[in-house]
Amino acid sequence: DVDSINLGNVAAGVSENTTFNITGLNYGDYVISCNATSTNAGNVTSEKTLAININTFPHALFTYPNQGEWLHGTEILNASSSYDVDGNIINYKFEIDNNTDFSSSSVICDSSSETCSFDTTLQTQCEEESTTCYLRLEVTDDDSTTNSTIIQIGIDNTGPLTFLDLPHNDTYIISESQLINASALDSGSGVECVEFEFYNGTWNYLGIDCTEPYEWNWDLSEIPDQQGLEVRVRANDSEGNFGSYDIHGNLTHDTTSVSYTHLRAHETSLHLVC
């Protein structure tokens, strides 16, 4: 009922071979039989039939990560969306490479588990903060049929570079407020936020800014006039990686007005003490 092939005239005792193509969703159990018509025996169907099972390929699908996603730290790769319509998936193989040919790939996991623990800090296939990185998932069903899929991802375990623009080193602050300004760069998943802190014996958290330009208005009204203050900034990226601090120091806070004492001039000399 699915397909038939006419072999034409066949001589007695001669074997003939042919090929059936089962396509589309026509998987499952089938029976092959042979029907022959002769000049002296009429139309005859073979007493013997051949029972066969047509297996369809499994479907390899990533549940996590998605195409174009950044990965960092230890990630749990997930292939639970994969399926086989006429059987079961019995093996999941996860690989990583820096090319789509997977000519030099490294196997991350190869087991019956649909999940795989992947420590991105230990892999050597892909450069940090680069999207030239590929994951391949190959699944095998219970008929030993395989199927695979490839997605492109990025590896990012590096924090942003942060630059403290204001205040400069050795700044003399004569008011009760000071603008702290910073810039940040990240070639991977992108800058998320910048943190601001100051030091007056211990480091104190000021605040966070997640929108460029990254800045904070430092309120010094509760800080006595003093020398040796410091400020520092650092940024984190979208994957939660923090970069190093940029620190400026030797800041002086001095809001006390200068007073002058004038002495009476004696003869031709005037002495001024400040």
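**Aromatic pairs and charges over rings**

Phe 62 counts as buried, with a relative accessibility of 12%. The cut-off for buried is under 20%, so Phe 62 falls within that class. The model is predicted. Its aromatic pairs come to four, counting ring centres within 6.5 Å.

**Phe 62 and Phe 94**
- Four is the count of aromatic pairs, and one of them joins Phe 62 and Phe 94, with ring centres 6.3 Å apart.
- The planes of Phe 62 and Phe 94 meet at 55°, so this pair is tilted; edge-to-face would need over 60 degrees.
- Phe 62 sits in the loop between β4 (50–54) and β5 (70–71), while Phe 94 belongs to strand β7 (residues 89–97).
- The pair therefore ties together parts that lie 32 residues apart in sequence.
- Phe 94 is buried, at a relative accessible area of 1%.

**Tyr 199 and Trp 203**
- Tyr 199 and Trp 203 form a tilted aromatic pair.
- Centre to centre, the distance is 5.2 Å, and the angle between the planes is 50°.
- Tyr 199 counts as partly exposed, at 26% relative accessibility.
- Trp 203 is partly exposed, with a relative accessible area of 29%.

**Arginines over rings**
- Arg 232 lies over the face of Tyr 245, at 3.8 Å from the ring centre.
- Arg 234 places its charged end over the ring of Phe 242, 4.1 Å from the centre.

Methods
Residues numbered from 1 in each chain as written. Predicted model: local features only at pLDDT ≥ 70, side-chain atom pairs only at ≥ 80, totals over all residues. Heavy atoms only, no water. Phe/Tyr/Trp six-rings, centres within 6.5 Å; stacked < 30°, edge-to-face > 60°. Helix = DSSP H or I, 4+ residues; strand = E, 2+ residues; numbered from the N terminus. Buried < 20%, exposed > 50% of the residue type's maximum accessible area, 1.4 Å probe, protein only. Lys NZ or Arg CZ within 6 Å of the ring centre and 35° of its normal.
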